[in-house]
Amino acid sequence: MEEVVSLPTLAATRKLGKSLAKRLKAGDVLALVGDLGAGKTTLTQALAAGLGVRDGGEVVSPTYTIANEHEIALGTLIHVDLYRLPDVESAYALGFLEMLDRTDAIVVVEWANRFPQLMPAHTQWLTLSFRENGERVATLGAGPPSA
């Protein structure tokens, strides 16, 4: 079952991130999908703040580092960005599958739709998109978005 949330402002995106933080537990994987500028990192920053990362402003997109880890009350928040990975083999070399298997961590994966075949079955998918009228929405669904 899909849940669609309107995100008219950055504050609404942050509110959604903090709300998601209350739903997640160690071992969960959240896949974020959306165009550049759709709000994936803003949502992750709010999620991190909701999980108790001291300074959500320090949670930045790991576009060049690929993965960042942050201590949280539940263990670890692993923030991964697959945008720059050229192929599945690079994800394997990075240790991505090991990250996804960590039971002491919540893993948030930006651009997860690049390699959906690597995402575990229990992945929670969230797509950030724009409607024709320019309204931004988040769709929390059961699987990866169709191509």
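**View 1. Charged side chains of the predicted model.** The protein carries 13 positive and 17 negative side chains. The centres of the two sets lie 8 Å apart. Lys and Arg count as positive, Asp and Glu as negative; His and the chain ends are left out. Each charge is placed at NZ of Lys, CZ of Arg, CG of Asp or CD of Glu. This is a predicted model, where local features need pLDDT of at least 70, side-chain atom pairs count only at pLDDT 80 or more, and totals for chains, interfaces and linings use all residues. Residues are numbered from 1 along each chain as its sequence is written, and side-chain values use heavy atoms, without hydrogens and water.

**View 2. The aromatic pair.** A search of the whole structure finds one such pair. Tyr-83 and Trp-111 form it, tilted, at 4.8 Å centre to centre and 50° between the planes. (Rings of Phe, Tyr and Trp, the last by its six-membered ring, pair with centres within 6.5 Å; planes under 30 degrees apart are stacked, over 60 edge-to-face, the rest tilted.) Tyr-83 sits in the loop between strand 4 (75-81) and helix 3 (88-94), and Trp-111 in the loop between strand 5 (105-110) and strand 6 (124-130), so the pair ties together parts 28 residues apart in sequence. Helices (H or I, at least four residues) and strands (E, at least two) are DSSP runs, numbered from the N terminus. Tyr-83 is partly exposed, at 37% relative accessibility. Trp-111 is buried, at 14%. (Buried means under 20% relative accessible area, exposed over 50%, partly exposed in between, with a 1.4 Å probe and protein chains only.)

**View 3. Thr-13 and its contacts.** Thr-13 lies in helix 1 (residues 10-23). Thr-13 is buried, at 0% relative accessibility. Beyond neighbours within four places in sequence, Thr-13 contacts Leu-7, Gly-39, Thr-42, Leu-43 and Arg-136. Contact means heavy atoms within 4.5 Å.
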